[in-house]
Amino acid sequence: MAETWFALLCFTLTMFVVLDGWNIGTGALHLIAGKTHSERREIIAALGPLWSWHEVWLLAFGGTFLLAFPKVMATSFAGFYLALWFVLWSFILRGVSIEVGGHLHDRLWQSWWNFVFVVSSVVLAVLFGAALGNVLRGVPLDASGKFSMSLFTDFGVRGRVGILDWYTLSVAVFTVVLLSAHGATYLRLKTTGQVHARSERLARLLWTTVLVLFPVISLETWFVRPALYGAMIERPAAWLAIAVVLAGVWALFTGLRGTGEHRAFGGSCAVIAGLLAGAAVSVFPVMLLSTLAPEHSITAYTGSGPARGLAMALIWWPVALVLALTYGTLVFRNYRGKVRPTEDPQALY
């Protein structure tokens, strides 16, 4: 039962990262892809009504986390309290900047909320990347099954580590570049004119950078947690994830070379989904690895809820999934096609 709920948990997280990832990446590129107010409102319009719907997957992740792995959630939320506070405020500021940035045709007002949109998006990408780095590296769990972390300590990856060190910062930088590339690929699909041209150039540059950084991050991960790759070799599900990544890379670069905008965007989604799936399969069953002593780690088996409750919850979870996918499909069908530029900035709000 723990295996099933771990897979469902990873599914909801992957859906959130893939769907909201292009919004976060778009926000990070907001001042680069759009040079005028009209172009920047065009970028906001490209996000459309879907930006807030994507965050429902984060709520689904939180609900599934609480239901299936209450001990892991309680421990991790207490330990990452500072980081979660930054995440919450970044989400709030990003949402406010999207909603109110076009209300007043005032240069100071617009410039401020454009700045907030970029900063909150970049901070979110950094925090999510650092969170992934912490999961892969481990946290200072002691014998009591609890941990607390400051923002940083000695920047080492052993013992009493902090949220940020050389490895988690590396993963954070890689995540910013990856989500920015994802966002640029999305803007290439949704926009026309100058924004489209800039997004195309940015997508090629950023995906090339991802290709260069990926071996570096892989080597660092091998140094920090070598057992990860041993598990990856032994598990066929990880091979499938690698195949998804390779197929995504092929679709991405063939689409970027020509006019295959949908193919490139599909490849972008596949690359991110495959990377997350491969990491999830490789770390299982350990959910919180202790950097103090391996025996203090919390696994999916020791951190899960009662088996009877998890079995009963499987009855309603598929129903909720069908409803969510149905709603998302209906919204997406009404939001197909490209966003057209206009001379009236308010028309793009």
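Visitor: Is Phe80 buried or exposed?
Guide: This is a predicted model. Buried means under 20% relative accessible area. Phe80 has a relative accessible area of 15%, so Phe80 is buried.

Visitor: Which residue forms an edge-to-face aromatic pair with Phe80?
Guide: The structure holds 20 aromatic pairs. In one of them the ring centres lie 5.4 Å apart, with 75° between the planes. Planes over 60 degrees apart count as edge-to-face. The partner of Phe80 is Phe147.

Visitor: How many residues apart are Phe80 and Phe147?
Guide: Phe80 sits in the loop between α6 (70-79) and α7 (81-100). Phe147 lies in the loop between α8 (107-137) and α9 (166-190). The pair links distant parts of the chain, and the separation is 67 residues.

Visitor: What is the relative accessibility of Phe147, and is Phe147 buried or exposed?
Guide: The cut-off for buried is under 20%. Phe147 therefore counts as buried, at 8%.

Visitor: Why is the pair of Trp109 and Trp113 edge-to-face?
Guide: The ring centres of Trp109 and Trp113 are 6.0 Å apart. Edge-to-face needs planes over 60 degrees apart. The pair qualifies because its planes stand at 65°.

Visitor: What separates Trp109 from Trp113 along helix α8?
Guide: Trp109 and Trp113 are 4 residues apart in α8. An α-helix has 3.6 residues a turn, so residues three or four places apart point the same way. The separation of Trp109 and Trp113 is about one helical turn.

Visitor: Which residues form one aromatic cluster with Trp109 and Trp113?
Guide: Trp109 is partly exposed at 29% relative accessibility, while Trp113 is buried at 14%. The cluster also takes in Trp112 and Phe115.

Visitor: Which ring does the charged end of Arg158 sit over?
Guide: A charge over a ring must be within 6 Å of the ring centre. The charged end of Arg158 is 5.8 Å from the centre of its ring. That ring belongs to Phe223.

Visitor: How many disulfides does the structure hold?
Guide: Cys10 is buried at 19% relative accessibility, and Cys269 is buried at 17%. The cysteine sulfur closest to that of Cys10 is in Cys269, 18 Å away, which is too far for a bond. The number of disulfides is 0.

Visitor: How far apart are the end C-alpha atoms of α5?
Guide: Helix α5 has 13 residues, 56-68. At 1.5 Å a residue, α5 should span 18 Å. The model agrees, with its end C-alpha atoms at 18 Å.

Conventions: Residues numbered from 1 in each chain as written. Predicted model: local features only at pLDDT ≥ 70, side-chain atom pairs only at ≥ 80, totals over all residues. Heavy atoms only, no water. Helix = DSSP H or I, 4+ residues; strand = E, 2+ residues; numbered from the N terminus. Expected span 1.5 Å × (residues − 1). Phe/Tyr/Trp six-rings, centres within 6.5 Å; stacked < 30°, edge-to-face > 60°. Buried < 20%, exposed > 50% of the residue type's maximum accessible area, 1.4 Å probe, protein only. Lys NZ or Arg CZ within 6 Å of the ring centre and 35° of its normal. Disulfide = S-S within 2.5 Å.
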